[in-house]
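Here's a quick briefing to read with the model open beside you.

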Amino acid sequence: MRRLTCLLGFCGFLSILPARAAPAPHVVHAVASFTVLADVVSHVGGAHVAVTSLVPPDGDPHEFEPAPDDARALRQADVVFMSGEGLESWFARLAHAAGYQGRPVIVSNGIDIHTEHDGPQVETDPHVWNSVPNVIVWTNNIRDALIAADPADADDFRASAAAYTAQLQALDHDIRAEIDTIPPARRRVLTSHDAFGYFGRAYGVTFMAPQGLSTETEASAADVGRLIAQIRETGMTTYFLENATDPRLVQQVAHATGAQPGGELYAEALSTAGGPAPDYISMMRHNTELMVRAMRPH
């Protein structure tokens with residue numbers, strides 16, 4: 001009886017001891033070049049990944065100026081993601097300043113990249129994410145890179161990527177259905193710079209812009225004059241600003257043509273958390289809604 005009492009007392013003592021904490025999950029520290037890419041990495045990585053975006057919300061990934069904190073983030077990263085195709089022209093300077101010796105993952109590998117000819121020069125269009133099927137390619141590349149960085153969580157990365165791909169496929173279907181409600185002759189949009197080429201080819205919309213593929217380029221007076229003539233000829237009545245670009249040039253074109261503002265598009269940067277485009281899917285739905293509203297016959 002005494003032995004049973006002691007045993008029960010010992011069990012009671014064990015029951016009041018704090019439970020041993022489960023080991024903390026391994027977290028991959030990822031750096032992404034800009035917010036759109038960071039959001040996709042976050043969806044694929046889930047709880048296993050902490051993502052830092054170098055370019056902030058509403059920031060221009062063409063003209064970004066890295067700061068010391070960005071160099072620190074790069075040095076501490078387990079994996080670095082870039083879109084590539086000339087978008088992040090500042091990255092080499094940042095890598096040099098940070099002493100970064102790693103090899104970033106170029107998520108646009110495997111995408112059919114579009115080029116434009118400007119006389120003898122060939123320009124690459126880096127804005128691949130404005131076509132949803134291209135972001136499905138991103139998703140697969142990100143999944144594979146995260147599995148390489150953290151093989152123990154490979155099954156979770158595969159599951160997250162598959163779930164996100166299903167959301168992207170539904171988004172792509174919805175955008176096509178919305179654009180199909182617009183007569184082909186009215187599918188024309190005026191924006192600040194030429195960032196929507198992949199959207200146009202994927203969904204059958206013609207985009208016109210006074211500025212070229214990069215916000216670092218300047219439109220000539222002749223280019224602006226030709227664009228004004230085209231807009232008058234086609235009877236476009238609406239123009240759009242972009243959240244990360246200087247609005248003055250497109251406003252100048254609008255003033256000359258009588259076009260009215262249709263709202264703000266998010267071409268290459270997400271909004272802040274409280275804005276209309278805090279994530280990639282919200283961004284694409286927001287942009288499509290504004291465009292369709294402007295193109296619809298009144």
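Let's start at aspartate 172, which sits in helix 6 (helices are DSSP runs of H or I with at least four residues, strands are runs of E with at least two, and both are numbered from the N terminus). This is a predicted model, so a few ground rules apply: local features need pLDDT of at least 70, side-chain atom pairs count only at pLDDT 80 or more, and totals for chains, interfaces and linings use all residues. Residues are numbered from 1 along each chain as its sequence is written, and side-chain values use heavy atoms, with hydrogens and water left out.

**Aspartate 172**

- With 13% relative accessibility, aspartate 172 counts as buried (buried is under 20% relative accessible area, exposed is over 50%, and partly exposed is in between, using a 1.4 Å probe and protein chains only).
- Its side chain makes a polar contact of 3.0 Å with the side chain of arginine 176. A polar contact here is a pair of N or O atoms within 3.5 Å; within protein, one must be able to donate a hydrogen and the other to accept it, and residues adjacent in sequence count only if both atoms are side-chain atoms.
- Setting aside neighbours within four places in sequence, aspartate 172 is in contact with Val132, Pro133 and Tyr203 (contact means heavy atoms within 4.5 Å).

**The big picture**

- The protein has 10 helices and 10 strands.
- Of its 298 residues, 45% count as buried.
- Take the contacts between residues at least 6 apart in sequence: 65% of them join residues at least 24 apart.

**How helix 6 packs**

- Helix 5 (residues 132–149) and helix 6 (residues 154–179) have axes 9 Å apart and pack at an angle of about 175°. Axes are lines fitted to C-alpha atoms, for helices over the stretch in contact, and angles run from 0 to 180 degrees between N-to-C directions.
- That angle makes helix 5 roughly antiparallel to helix 6 (under 35 degrees is roughly parallel, over 145 roughly antiparallel, 65 to 115 roughly perpendicular, and the rest oblique).
- Residues making this contact include Val132, Pro133 and Val135 of helix 5, and Tyr164, Leu168 and Asp172 of helix 6.
- On to another partner: the axes of helix 6 and helix 10 come within 10 Å and cross at roughly 5°, so these two helices are roughly parallel to each other.
- Among the residues making that contact are Tyr164, Leu168, Leu171 and Ile179 of helix 6, and Tyr280, Thr288, Val292 and Met295 of helix 10.

**Isoleucine 179**

- Isoleucine 179 is also found in helix 6, and it is buried, with a relative accessible area of 0%.
- Not counting residues up to four places away in sequence, isoleucine 179 touches Arg187, Phe199, Tyr203, Val205, Thr288, Val292 and Met295.
- Glycine 204 is 25 residues from isoleucine 179 along the chain, with 7.8 Å between their C-alpha atoms.

**The largest nonpolar core**

- Nonpolar side chains tend to be buried together in soluble globular proteins.
- The largest nonpolar core has 74 residues, and Phe81, Trp129, Trp138, Ile142, Phe199 and Tyr280 touch the most other members. Such a core is a set of buried Ala, Val, Leu, Ile, Met, Phe, Trp, Tyr and Cys residues joined through side-chain atoms within 4.5 Å.
- Helix 10 supplies the largest share of this core, nine residues.
- Domain 1 (28–167) and domain 2 (182–295) each give the core at least three residues (domain bounds come from an automatic or database domain assignment).
- Leaving out neighbours within four places in sequence, the contacts of tyrosine 280 include Val36, Asp39, Trp129, Val132, Tyr164 and Leu270.

**Asparagine 287**

- Asparagine 287 is in helix 10 (residues 280–295) and counts as buried at 1% relative accessibility.
- A polar atom of the asparagine 287 side chain lies 2.8 Å from the backbone oxygen of tyrosine 266.
- Beyond residues up to four places away in sequence, asparagine 287 touches Phe196, Leu265 and Tyr266.

**Two loop residues with positive phi**

- Aspartate 58 is not a glycine, yet has a positive phi of about 65°. It is in the loop between strand 2 (49–53) and helix 3 (68–76) and is partly exposed, with a relative accessible area of 32%.
- Glutamate 85, also not a glycine, has a positive phi of about 60°. Its loop lies between strand 3 (79–82) and helix 4 (91–98), and at 29% relative accessibility glutamate 85 counts as partly exposed.
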